[in-house]
Amino acid sequence: MNIVWICSESVPYAKTGGLADVSASLPAALAELGHNVSVIMPYYPQAMGDLCSRLKMRYEILDVPFFKWGERCVIHEDKISSNLSYYFIEHHRYFDRPFLYDYYGEEYKDNAERFIFLSRAAMEAVVALKLDPDIMHTNDWHTALCNVYLKSSIYCNSASFANTKSVLTIHNIGYQGIFPKEVLFLSGLSWDTYNYTCLEYHNQLNLLKGGMMSADMVTTVSPTYAEEILSSEFSFALENSLHHLKNENRLRGILNGIDINEWSPSIDPLIPANFALSDLSGKAQCKKALQKQFNLEQKGDIPILGLVSRFASQKGIDVLSYVIEGLLSSEDVQFAILGSGDKDLESFFSSLAKRFPGKIGVYVGYNNKLAHLIEAGSDMFMMPSRYEPCGLNQMYSMRYGTVPIVRATGGLADTVIKYSETNIDQSTGFTFDLLEHDALFNTIIWALSIYREKSANFAKLRENGMQKDFSWKHTASEYEDVYNELL
Ligand code: ADP
Ligand code: GLC
């Protein structure tokens with residue numbers, strides 16, 4: 001199959017979250033299955049840095065119909081293998097910026113314009129590069145409009161898309177691309193698309209909804225999340241549209257895999273010592289290095305609880321902020337925290353590190369190397385998510401012998417098996433159901449007690465997690481099945 005994957009970010013070029021990991025590893029896994037895969041994304045010179053120099057220009061000037069005047073862009077290619085290429089849409093005014101979507105938490109005012117342009121430019125790039133897709137696969141609100149374009153009078157009779165079926169993956173329904181309806185002018189789409197069965201939502205333009213309603217198949221990134229978003233607690237008010245998709249058999253949940261070339265403790269070049277289940281001495285060295293980096297007391301027997309996260313309401317870090325002082329005061333425990341986002345949480349955790357030196361280390365910002373060290377050097381990893389479409393860090397943790405403590409929601413519920421003595425051969429972590437202060441506090445206390453008092457059971461949890469296979473080998477073929485079904 002010719003598969004075109006359209007997204008707003010991908011590792012190693014630009015990343016703000018898990019979408020970038022998936023946009024690197026799933027296209028590669030599909031290419032490995034023998035398909036021709038082309039990924040289209042923006043050219044972000046500031047995020048891509050040195051990587052820019054390895055790209056080849058494919059199209060010097062591509063005219064993109066846009067609003068009244070049209071826009072021009074350049075297309076670059078990074079050819080990864082004979083059947084996998086990344087294409088980059090270069091447009092300086094839209095994408096040459098210090099961050100992808102916002103400036104220190106403040107969304108760029110022209111995000112509607114930027115991502116409507118990206119969607120239109122991607123459609124034009126498919127035509128210009130003669131990619132002839134069997135499958136056009138878009139991701140989240142940023143590129144959802146491509147699904148609307150495909151069905152629109154602009155492209156429905158185009159020979160380039162004659163045999164194309166479309167898939168939209170929702171990585172996070174909390175972000176929908178909602179804008180004043182007037183911006184529809186930019187897209188060149190007719191006002192026919194602005195109605196309840198497509199882009200219109202409470203008198204505004206909703207790009208994700210339009211994409212969902214137009215796609216031949218909508219997938220989410222875990223089976224549990226596909227169920228959860230049918231309820232108002234998780235749907236961010238799109239449950240009616242989702243029920244409609246479900247009734248038409250157009251909604252599926254496929255669990256994400258992880259890139260085991262990047263996230264494997266036995267080969268990871270970013271950690272100070274490699275290790276495997278057969279010899280965990282390297283993990284002890286990583287723990288020491290983590291304690292050193294965060295100025296934590298250098299002791300092997302104190303448990304370290306790690307966290308790497310966007311500080312967003314989704315992640316439940318606010319709940320952690322309520323219980324962490326109690327834990328620091330009453331327990332012999334250390335914390336290694338990396339994240340950024342909400343300013344109040346950033347300053348709360350920074351001040352905590354000053355008040356409890358030697359017990360908690362905090363790095364506010366984005367740091368991939370440190371993320372690897374926290375996964376490798378911690379004993380446990382916390383994800384008290386309010387909702388979690390899939391979550392990748394819990395899978396990384398398990399591979400690194402770091403036992404996850406999670407709220408059982410979305411992909412966390414699908415990947416972490418709750419500790420119980422009667423199910424010790426299967427258990428991989430500690431889970432709780434209700435996102436309440438007591439539930440999180442008590443679950444952490446429970447995990448600490450198993451670490452201290454039942455070390456053989458804790459070692460078994462660690463071992464079970466390290467033996468899990470979360471690679472794309474299993475789930476890439478589920479996407480292949482969906483594509484085949486559509487074709
Ligand atoms: P989400 O995409 O919702 O943020 P995921 O668990 O799917 O959650 O993926 C998050 C990815 O981003 C992981 O690869 C994680 O290691 C990485 N990440 C998140 N915050 C940071 C940070 N501050 N520094 C480095 N990596 C981070
Ligand atoms: C989103 C979700 C996260 C998921 C990631 C990749 O960012 O918040 O749960 O793992 O997308 O699909």
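This is a predicted model: local features need pLDDT of at least 70, side-chain atom pairs count only at pLDDT 80 or more; totals for chains, interfaces and linings use all residues.

Trainee: Ligand 1, then. Which residues come nearest?
Mentor: Lys-15, Gly-18, Arg-310, Lys-315 and Gly-365, out of 21 around ligand 1. A residue counts as near if one of its heavy atoms lies within 4 Å.

Trainee: What does Lys-15 touch on ligand 1?
Mentor: A side-chain N or O atom of Lys-15 is 2.8 Å from an oxygen atom of ligand 1. Gly-18 uses a backbone N or O atom, 2.6 Å from a ligand 1 oxygen. For Asn-367, a backbone N or O atom lies 3.0 Å from a nitrogen atom of ligand 1. The cut-off for a polar contact is a pair of N or O atoms within 3.5 Å.

Trainee: How much of ligand 1 does the protein cover?
Mentor: The protein covers 93% of the 560 Å² of accessible area that ligand 1 has on its own. Accessible areas come from the Shrake-Rupley method with a 1.4 Å probe.

Trainee: Which element gives the most to that shell?
Mentor: Strand 15, with three residues. Helix 1, strand 16 (334–341), helix 13 (368–377) and helix 14 (393–399) are among the elements that give two or more. Helices (H or I, at least four residues) and strands (E, at least two) are DSSP runs, numbered from the N terminus.

Trainee: And the domains?
Mentor: Domain 1 (2–257 + 473–486) and domain 2 (281–466) each give at least three residues to the shell around ligand 1. Those bounds come from an automatic or database domain assignment.

Trainee: On to ligand 2. Where does it lie?
Mentor: Ligand 2 lies between domain 1 and domain 2, because both give residues to its shell. The shell has 14 residues, with His-171, Asn-256, Gln-314, Glu-388 and Gly-391 nearest.

Trainee: What are its polar contacts?
Mentor: A side-chain N or O atom of Glu-388 is 2.5 Å from an oxygen atom of ligand 2. Gln-314 puts a polar side-chain atom 2.9 Å from a ligand 2 oxygen. A backbone N or O atom of Pro-389 is 3.5 Å from an oxygen atom of ligand 2. Ligand 2 alone exposes 300 Å², and the protein buries 93% of that.

Trainee: Which helix has the largest share of the ligand 2 shell?
Mentor: Helix 1, with three residues.

Trainee: New topic. What's the volume of the second largest pocket?
Mentor: About 340 Å³. A pocket is an open set of points on a 1 Å grid over the protein atoms alone, with protein on both sides within 12 Å along at least five of seven lines; a cavity is a set where a 1.4 Å probe fits but cannot get out; lining residues have an atom within 4 Å of a point. A volume is the space filled by probe spheres set on the points, joined across faces, edges and corners.

Trainee: What lines that pocket?
Mentor: It has 14 lining residues, with Ser-25, Ala-29, Glu-32, Trp-472 and Lys-473 nearest its centre. Helix 1 supplies five residues, the largest share.

Trainee: How many cavities are there?
Mentor: The search finds one of 30 Å³ or more. The largest cavity holds about 40 Å³. Its lining includes Asp-21, Ser-25 and Trp-263. Helix 1 (residues 18–32) gives the most to that lining, with three residues.

Conventions:
Residues are numbered from 1 along each chain as its sequence is written. Chains are lettered from A and ligands numbered from 1 in the order in which they are written. Side-chain values use heavy atoms; hydrogens and water are left out. A polar contact is a pair of N or O atoms within 3.5 Å; within protein, one must be able to donate a hydrogen and the other to accept it, and residues adjacent in sequence count only if both atoms are side-chain atoms.
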